[in-house]
Amino acid sequence: MRLTLHVWRQKNADDKGEFSTYELEDVSTHMSFLEMLDVLNQDLIAKGEGPIAFDHDCREGVCGTCGFVINGVAHGHQKGSTICQLHMRHFSDGDEITIEPFRARAFPIVKDLVVDRSAFDRIIQAGGFITIRTGSAPDANAIPIPTDTLEHAVDFAECIGCGACVASCPNGAAMLFVGAKISHLGLLPQGQPERARRALKMVEAMEREAFGACTNYRSCEAVCPKEISISGIARMNKDFRRASLAGAAPAHGKKR
């Protein structure tokens, strides 16, 4: 299979950056998208050129490390999958593919397709934890949890923090990510002690990181590789409002 790639190249955060075009021959349909880039990088290195920088780790759709935009869609056009799960059999011979990094104010470009997503880490540090002593693994029946509640919590816990939601949102909002993290802990008994503080601290951290606000475009839900529902945003807003009305509003006094 023959492909033409238009790849965003940028040396560092201060560089203006531009698209570079590469022609690939004999691309196997069995390759993953990242493997195809690996082959391209080997060719570039052999020619004495700098390889394309991109993030990756597990390559199993679990870690959330990989992430960039393919033909205008975060993670590409295959619904419910990460880039590392996207295979070249989903493309056709002669296709032109445009590849660029996630574009968001809160995700500054480091190099080429690599962006700094450490803002997510700081939001998690602000409140995405529980302080209750868990000790060794408890018996499954020690803490009764309704099946529906448990399933909803697990659905939200599937968020891998890849950042596709932010990249696809016209406002650069991180509310699907934050809503998922708040909801999966807030639904479980172990997460109740910090429930109010968690919502306040994580929303406050999200605002400090200059993410935009949700205006219900639902672009985040459409590209999420784990297909997480925007109902988590509603739960986040509900928890935040309850905590704020209870008198535990953050220092700047903002409410959602």
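Guide: What follows covers the domains, the interface and the cysteines.

Visitor: Before that, what sort of model is it, and how are residues numbered?

Guide: It is a predicted model, where local features need pLDDT of at least 70, side-chain atom pairs count only at pLDDT 80 or more, and totals for chains, interfaces and linings use all residues. Residues are numbered from 1 along each chain as its sequence is written, and side-chain values use heavy atoms, with hydrogens and water left out.

Visitor: Where are the domain bounds?

Guide: Domain 1 spans 3–110 and domain 2 spans 118–255, with bounds from an automatic or database domain assignment. Their centres, taken over C-alpha atoms, are 30 Å apart.

Visitor: How many residues does each side put into the contact?

Guide: Domain 1 gives 18 residues and domain 2 gives 18 residues, contact meaning heavy atoms within 4.5 Å.

Visitor: And how much area is buried there?

Guide: About 1,300 Å², with 64% of it on carbon and sulfur atoms. Buried area is the accessible area (1.4 Å probe) that two parts lose on being put together, summed over both. On the domain 1 side, K79, A106 and F107 supply 31% of the area buried against domain 2, more than any other three residues.

Visitor: Which residues form the salt bridge?

Guide: E227 pairs with K79, their closest N and O atoms being 3.9 Å apart. The rule asks for a side-chain nitrogen of Lys or Arg within 4 Å of a carboxyl oxygen of Asp or Glu, and it finds one salt bridge across this interface.

Visitor: Is C214 buried or partly exposed?

Guide: C214 is partly exposed at 29% relative accessibility, while C165 is buried at 8%. Buried means under 20% relative accessible area, exposed over 50%, and partly exposed in between (1.4 Å probe, protein chains only).
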